[in-house]
Structures are given as C-alpha cells and as structure tokens.
Amino acid sequence: MSNLSHYFNTKSWSRRQVLTWGLTGLGITATAAILNSSFKTSSSVKIPPLEEQNEATNLNFNPMAILRDFDYGKVLQENGRTIRVFEVTANSSTLQLNSAISFISWNLNGRVPGPTLRAKAGERVRIVFHNEDGSSHSMHFHGTHPVEMDGVKPVRHGKTEIYEFEAEPYGVHPYHCHVAPVTRHISKGLYGLFIVDPPEGRPPADEMVMVMGGFDINNDQKNELYAFNGIPNYYRDHPIRIYQNQLVRLYLLNMIEFDPAVTFHIHANMFQVYRTGRTLTPNEESDVITMGTAERHILEFSYSYPGRYMFHPHQDAIAEMGCMGYFDVIAT
C-alpha cells in the first residue's frame, strides 16, 4: 500500500500521532511554504493601513484583519504532484460580543468565522483537521468531492481527520461543521469560506470577506445578536477604509441560522453580482441581495465620492442587533 493510500484509509488520528509521524513520514517534500506569485495582490491595488483595533474581543483575532486575511496553506510536492495543505483546529473560546454579553464559541483556528481558505481550480487540497474541543466536530465543504471526503462523520476530541480532494468548481464555497444538531454547531461559530479561484484569475481589486452570523444567546433557537465577521457592530464602530474609485471585490456569505433569509444592502451605490462566484461576468446589478443560509456571492463595486457609507441587512431589526457597518471612502 502506498503512503497516500495508507493516509486515506486511516479512519482517525490523534494530533500527537500526526505530529510524531510528521509530513516527511508520508514521503512529502515541502517546496514552498507560501503561495505562488499568481496569488499575490496586484501592485495596482492600494489597501489602507490596518489600524490596531482589537478591544472588541479577548480572542486573538481582529475582525478588521479577518476582512482581508486569506489562508493559502502550504504548497507541497508529493510523488511529483503539487498539493496545497491547510491545517485547521477546532476549539472553544469566549467571545466578548459587547460590553455586557460574553459567549462561549466553538471556533476554528481561534476565530469566528474560521480561516478563509483559498486555492485555484483543479489544485489538490488537503485539510488536516484537529479537534481539540470537548465536543465532536467535523468539516463539511460545499463544492464537488468524493463521498469519503464529505465531512459528515464526527471527529472526536483529540482526534485528527484528513480531508483531501480537487478544488472544484471555481467559485465561493462555505464550509461548516456537520455534526448534529447542525444548527447548534453552526450558530456556535463553526463555519468559514473556501474560495476557489478560476484558472485565469479575476481583475485586480481590494478583496475582502464578510461572513454574516447570528448568536443564540439563551438557546431558544432564536438569534439575539448578529455580526459581520464575528463581533456585533464591529464595522459600525470601526468603519472599513477603502479608496475612492477603486474596485472592491466582496466575498459575502450568509451563515445565519434560525432566520430563513437575510438581505445585504449598501448605501448610495450599486454592486455587480456574481452568484456563487460561478461566473466571470456579472449576473445582475443591484444595491440589495437576498440570501438563504449558506448562500454566498461575489459583489463588486467602487465609490465615486468620498465619505462614510452604511451597509447592513434590510431587515432593520437584524441590522440594529449587530449586523451594521460603514465603508469609509478615502479621497484619492
């Protein structure tokens, strides 16, 4: 049996087993620990400096950093084939949602949402999933893959599971825990975005990710608070700075449980909609879009005039309970 076959046939590993054996024990040679040049942001794109703003949470993550943080994994060579490897760990941490409410989250890599994983269409990806939380969890990816890689089998505390498949089709795909009750595992924070870029790429833009989530504070299967990228009202209190007349590409995902559908609206502007990220030309133009849970799109827009512009769901109650923000457009 080859090393790779043995890797696939392994049912579940402890993290210690994986780390003790090591990647070299699988016959893997690291050729690059970072993305190749085709993934790098174009020099024509200007991104405002990131301000140090982390007082909203006692976790080691900053929603402003999450906005433009893409995890390209590590590029390895195995038996002559290139594989992009990601490492994801489930655990529990306390989120300080506001000055009065803390929330025990189940999270991935210490953040809500989990890391934004990114690859190119046709690449082989390997996700090494460690569960260090006390409850069983898993990682289920939307997109195309064999049934063995579907992530519906619970991974127990202290175990490691390997998910490996071709990154296809290109587009924007959510991933989330699929352990029952799924609504609870998702609403506790176990979700994220998997971006598969088309082979030819997309035009240069200021790219950012917004994942909409809800928080059921009292376990009544209703959300009491909502957020973009983990912390209610973060982008209301810390507006997102963008440059005037520069294209913004927004990867938008709705992972709000318990609400059948939500909308997303930007003020004083229109956006081009690329539904599910599955096209290279826009499907429509609007200033508001409706999404059910797990729906996602690419929205592209630019602002012609400087100033501070609001964005939010057009269900005003949801907006007022934390899903509110501003774009601060800087004159150029």
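**View 1. Polar contact of R296 with V172.** A polar atom of the R296 side chain lies 2.5 Å from the backbone oxygen of V172, a polar contact being a pair of N or O atoms within 3.5 Å in which, within protein, one must be able to donate a hydrogen and the other to accept it, while residues adjacent in sequence count only if both atoms are side-chain atoms. The model is predicted, with local features needing pLDDT of at least 70 and side-chain atom pairs counting only at pLDDT 80 or more, whereas totals for chains, interfaces and linings use all residues. Residues are numbered from 1 along each chain as its sequence is written, and side-chain values use heavy atoms, leaving out hydrogens and water.

**View 2. Surroundings of R296.** R296 counts as buried at 13% relative accessibility (buried means under 20% relative accessible area, with a 1.4 Å probe and protein chains only). Leaving aside residues up to four places away in sequence, R296 touches H142, V172, H173, P174, L252, L253, R275, T276 and M291, where contact means heavy atoms within 4.5 Å.

**View 3. The six-stranded sheet.** R296 lies in strand β20, residues 296–301 (strands are DSSP E runs of at least two residues, numbered from the N terminus). The open sheet has the order β13-β12-β15-β20-β17-β18, with mixed pairing, two strands being paired if DSSP finds at least two bridges between them. Because β13 (225–228) and β18 (284–286) each have a single partner strand, one side of each is left without a neighbour in the sheet.

**View 4. The β12 and β13 pair.** Strand β12 (residues 206–215) runs antiparallel to β13 and is joined to it by four bridges; F215 has L225 in β13 as its bridge partner.

Methods:
Buried < 20%, exposed > 50% of the residue type's maximum accessible area, 1.4 Å probe, protein only.
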